Amino acid sequence: MISLTDSQKIGIGLTGFGVFFLFFGMILFFDKALLAIGNILFVAGLAFVIGLERTFRFFFQKHKLKATSFFLGGVFVVLIGWPIIGVVLEVYGFFLLFRGFFPVIVGFIRRIPVLGSILNLPFISAYVDNSESNTMV
């Protein structure tokens, strides 16, 4: 069992609420207020889970500055009132930031009984394995 500190538990809760508000804001036709709350909660939750210093180091690595600018720029655009453009920028930045984690996620999903068998189908497996090799840069 993984032991979590109290601040990490709070961070997981904040991140979960942030994802919920982001999802709910998109369902309700890109509601500005819900998306803004979701963005703030997500970033704050991430800082609580991994710590402020590690969050800062993660976002501001030299090779991730483009991705960070898209992600945080998207958050800013949502906060000033253009939710659709902001979400597009955020999603692009999110994929650039976290593309190194996708092979780990795919490996984890492959161990889940039903989803693993779907990912091992020939036409899906070829695409997933190809995308894994491209993200290992």
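A: Let's start with a term: a salt bridge is a side-chain nitrogen of Lys or Arg within 4 Å of a carboxyl oxygen of Asp or Glu. Searching the whole structure turns up 1 salt bridge. It joins R57 to E53, and the closest N and O atoms are 3.7 Å apart. Both residues sit in helix 3, and because they are 4 residues apart there, about one helical turn separates them. (Helices here are DSSP runs of H or I with at least four residues, strands are runs of E with at least two, and both are numbered from the N terminus.) E53 counts as exposed, at 58% relative accessibility. For that label, buried means under 20% relative accessible area, exposed over 50%, and partly exposed in between, using a 1.4 Å probe and protein chains only.

A quick word on what you're looking at: this is a predicted model, where local features need pLDDT of at least 70 and side-chain atom pairs count only at pLDDT 80 or more, while totals for chains, interfaces and linings use all residues. Residues are numbered from 1 along each chain as its sequence is written, and side-chain values use heavy atoms, with hydrogens and water left out.

Now for F58, which belongs to helix 3, residues 52-59. F58 is buried, with a relative accessible area of 12%. Who does F58 touch? Leaving out residues up to four places away in sequence, its contacts are K64, L97, F98 and F101, where contact means heavy atoms within 4.5 Å. T68 is 10 residues from F58 along the chain, and their C-alpha atoms are separated by 9.2 Å.

F58 also belongs to one aromatic cluster, together with F42, F59, F71, F94, F95, F98, F101 and F102. Rings of Phe, Tyr and Trp (its six-membered ring) pair if their centres lie within 6.5 Å; planes under 30 degrees apart are stacked, over 60 edge-to-face, and the rest tilted. The whole structure holds 14 aromatic pairs. One of them is F70 with Y92, an edge-to-face pair at 4.8 Å centre to centre and 85° between the planes. That pair links distant parts of the chain, 22 residues apart: F70 is in helix 4 (residues 65-80) and Y92 in helix 5 (residues 83-98). F70 is partly exposed at 26% relative accessible area, and Y92 is partly exposed too, at 37%.
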